[in-house]
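Please consult the sequence and the structure while reading.

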Amino acid sequence: MEKRALGSSGLEVSALGLGCMTMSDFYGSDRDEQESIRTIHRSLDLGVGFLDTSDMYGVGENEKLVGKAIKDRRDEVVLATKFGVVRDKWGSSWGYNGRAEYVKAAAEASLRRLGVDHIDLYYLHRIDPYTPIEETVGAMADLVKEGKVRYIGLSEASPDMIRRAHAVHPISAVQTEYSLWSRDIEDEVLPTLRELGIGFVAYSPLGRGFLTGTIQRYEDLGYDDIRRNFPRFQVQNLQKNLQFVTRIQEMAAEKGCTAPQLALKWILMQGSDIVPIPGTKRRKYLEENIGSLQVELTDSDLRRINEVAPKNVAAGHR
């Protein structure tokens, strides 16, 4: 498995990661813990050891699942989790908390659920608008000093917030949505990261599953699927977005690969400092995603893809 360095931090991870969110939450209720654990084990078998979770996925249940899966294989894993989005025990009420005392309490709780003595990459999931970023990152830096966290990161942060955070303690990675239909980070965020020597982790690199082509109608999304609330999946935008996916599928067929593989390979070719973390809860999709590493795209292919998927190609806000 190819390895990539996340910026100049010294943190090295597999070129692809595995997003674990859907194993416990958000994209429908068809969850199977044993298949999820088998998927994580298969991921490790194939060298994809960069696992991504959060304390808010399943209100802690996702961390417990990941912890169970890696119990005897900790040394094969670069473990990333997140804090800062607070949900009630039913998962229905949301808020943000970046206060120093909460940072330390959240980390201790994650360590217990994961069953580990340290977190490799600890992200602030969302910035608390009522707490100075300097306070939050200062508390995260204390966790590094204590050996409970190795590296720290941010998720969905503006260039200004990234700079302010990085001035307190080196930020190793920033995580933001990035895919063929979500390219806004190319304007300001990605240049800022490269200037500062910070790695980039691309979540939802398959457009929250839309680029797989498996969603053809609004009704394909279950009533408990959060994507029903996203503008790009709404009926008024769906047909236009499906036309875009069809063109990606046609290009993929020409290259002898699937649309998800083409989409992931495109991201991989946007820079060696970028690591996509496609999420899945099934082994067959994991193996398909890993197949993207074998796809070969020429400069001509990349130009064609950019013509089909320019910035703002998607109908509806992400």
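Lys82 stands opposite Tyr123, a residue of β8. The model is a predicted one, in which local features need pLDDT of at least 70 and side-chain atom pairs count only at pLDDT 80 or more, whereas totals for chains, interfaces and linings use all residues. Residues are numbered from 1 along each chain as its sequence is written, and side-chain values use heavy atoms, leaving out hydrogens and water.

Strands (E, at least two residues) and helices (H or I, at least four) are DSSP runs numbered from the N terminus. Two strands pair if DSSP finds at least two bridges between them. Strands β5 and β8 run parallel and are joined by four bridges. Both belong to an open sheet of eight strands with parallel pairing, in the order β3-β4-β5-β8-β9-β10-β11-β12. At its edges lie β3 and β12, each of which pairs on one side only.

| Strand | Residues |
|---|---|
| β3 | 17-19 |
| β5 | 78-83 |
| β8 | 119-124 |
| β12 | 274-276 |

Asn97 is located in the loop between β7 (94-96) and α3 (100-114). Because its relative accessibility is 10%, Asn97 counts as buried (under 20% relative accessible area, with a 1.4 Å probe and protein chains only). A polar atom of the Asn97 side chain lies 3.0 Å from the backbone nitrogen of Arg99. Leaving aside residues up to four places away in sequence, Asn97 touches Phe83, Gly84, Val86, Tyr102 and Asp128, where contact means heavy atoms within 4.5 Å.

How values were computed: Buried means under 20% relative accessible area, exposed over 50%, partly exposed in between (1.4 Å probe, protein chains only). A polar contact is a pair of N or O atoms within 3.5 Å; within protein, one must be able to donate a hydrogen and the other to accept it, and residues adjacent in sequence count only if both atoms are side-chain atoms.
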